[in-house]
Amino acid sequence: MRTLITLVAALLVAGTAGLSAHEDFRVIGTISKRQGSVINVKQRDGTAAVVRLDKQTAVSRDKKKVDTSELKVGLTVVIDAYGDSEEDLLALEIRIVPPIGAESAR
Amino acid sequence: MHPVTADPRAQPVPSGRALAKATAGALVVAAMILVVAVLPAEDGIDPIGAGKVLGLSAMTQAGAVVEGPPIATDAGLVPTAMAHKAGAYYPAEYKFDSREITLQPYDYLEYKYHLQMGAQMLFSWKASAPVMHEFHGEPDDGPEGYFESYDKATRQAGDGTLTAPFTGIHGWYWENTGGEPVTIRLTTAGFYNGALEISSTKKRRSHELRALETLERDRN
């Protein structure tokens, strides 16, 4: 019994080390929803990414730093994030950009 | 008053020493699992070589391709210096590659070739608009994520040569920083044995390289 508990505890500890090995993601799309520090982004292929913000998340527009409150529904964003999947990402940097195709519309 | 008797089925409470021993044992086993399995599989760090033996390191290998022909990374195209160091011979003919790549708005892509140390490549690329670019190389035997940068700048074209400083994959990171698609036309020739495209979604795809005889076919 003690051996089993020891082994389970060991696997739990070792397993948490794997949680730190996330992948980098780039999310490009339109903010479809914002709830506190979580934003949903509708990507070009129609899929949705869920991205969390934290105190380290850098937000910019026209290469100038802006507050996270600037992130509003409808804005086009380019997000560099990391996580295990597109449903669970933590944003490292968010750039607010003109809507895709806006340059040719001018 | 009824006497209190001990429940014969109750487990004895472990002493502090026993708990400390069990905790230490758990930590030792955890450390072993971390070094033998987790680090090789998740991070490509294999300090004692166990990951390679168990086949776990393959999960993080840069050469793992999702689709396309396999990339030969053996030492087939190593240059041998001539009597005069100005030139070198290779055991096989050079290959060439020509393709058009489209970068969607704000997207990026990497395109690289596998070369042996000392092998050479000629390249020319031209984009329909300026792109952020980094020409760099990743050694086959380097740590996960390690690369050496040869040139990093915003450019619209590049014409040049590379002599591979180490065996590995060498090529470009291009990023479209604008809101319109950008097309890049890339043409190369070299003593390389594989071309790899890595998209921003991490999808890896190898590409067929053209042999010189196909030029004859084009001519006829």
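Which residues does A:Ile79 touch, not counting residues up to four places away in sequence? They are A:Val27, A:Val41, A:Val51, A:Ala91 and A:Ile94, where touching, or being in contact, means that the C-beta atoms of two residues, placed from the backbone, lie within 7 Å. Before we follow that residue further, a word on the model. This is a predicted model, in which local features need pLDDT of at least 70 and side-chain atom pairs count only at pLDDT 80 or more, while totals for chains, interfaces and linings use all residues. Residues are numbered from 1 along each chain as its sequence is written, and chains are lettered from A and ligands numbered from 1 in the order in which they are written.

Let us begin with chain A. Its secondary structure comes to two helices and seven strands; here helices (H or I, at least four residues) and strands (E, at least two) are DSSP runs, numbered from the N terminus. Chain A has 106 residues, of which 23% count as buried. A residue is called buried if 20 or more other C-beta atoms lie within 10 Å of its own, exposed if 12 or fewer, and partly exposed in between, with C-beta atoms placed from the backbone. Among the chain A contacts with a separation of 6 or more, 47% are between residues 24 or more positions apart.

How confident is the predictor in chain A? The average pLDDT (the predictor's confidence in each residue, from 0 to 100) is 84 for chain A, and 75% of the residues score at least 70. Confidence in this chain is highest in strand S4 (residues 58-61), at 97, and lowest in helix H2 (residues 102-105), at a mean of 52.

Now back to A:Ile79, which sits in strand S6 (residues 76-85) of chain A. A:Ile79 counts as buried because 25 other C-beta atoms lie within 10 Å. Its C-alpha atom is separated by 10.0 Å from that of A:Thr57, a residue 22 residues apart along the chain.

S6(A) and S7(A) run antiparallel and are joined by nine bridges, with A:Asp80 having A:Glu93 as its bridge partner in S7(A). A hairpin of two residues links S6(A) to S7(A). Strand S7 (residues 88-97) of chain A also pairs in the parallel sense with strand S3 (residues 48-52) of chain A, over two bridges; there, A:Arg52 has A:Leu90 as its bridge partner. S4(A) pairs with S7(A) in the parallel sense too, over four bridges, and A:Ser60 finds its bridge partner in A:Arg95.

A:Asp62 is in the loop between S4 and strand S5 (64-65) of chain A, and has a positive phi of about 50 degrees although it is not a glycine. A:Asp62 counts as exposed because it has 9 C-beta neighbours inside 10 Å. A:Lys63 lies in the loop between S4 and S5 of chain A, and its phi is near 65 degrees, a positive value in a residue other than glycine. With 6 C-beta neighbours inside 10 Å, A:Lys63 counts as exposed.

Let us turn to chain B. Chain B has three helices and 10 strands, and along the sequence they follow the pattern α-α-β-β-β-β-β-β-β-β-β-β-α. Of its 220 residues, 27% count as buried. Of the contacts in chain B with a separation of 6 or more, 73% are between residues 24 or more positions apart.

In soluble globular proteins, nonpolar side chains tend to be buried together. A nonpolar core is a set of buried Ala, Val, Leu, Ile, Met, Phe, Trp, Tyr and Cys residues joined through C-beta atoms within 7 Å. The largest nonpolar core here has 28 residues, and B:Leu115 and B:Ile184 have the most contacts inside it. Strands S4 (108-115), S5 (120-139), S7 (168-175), S8 (182-190) and S9 (192-199) of chain B are the elements that give two or more residues to this core. S5(B) supplies the largest share, six residues. Not counting residues up to four places away in sequence, B:Leu115 touches B:Met121, B:Ala164, B:His170, B:Gly190, B:Phe191 and B:Tyr192. A second, separate core has 19 residues, including A:Ile31, A:Ala49, A:Val77 and A:Ile94.

Notes. Two strands pair if DSSP finds at least two bridges between them.
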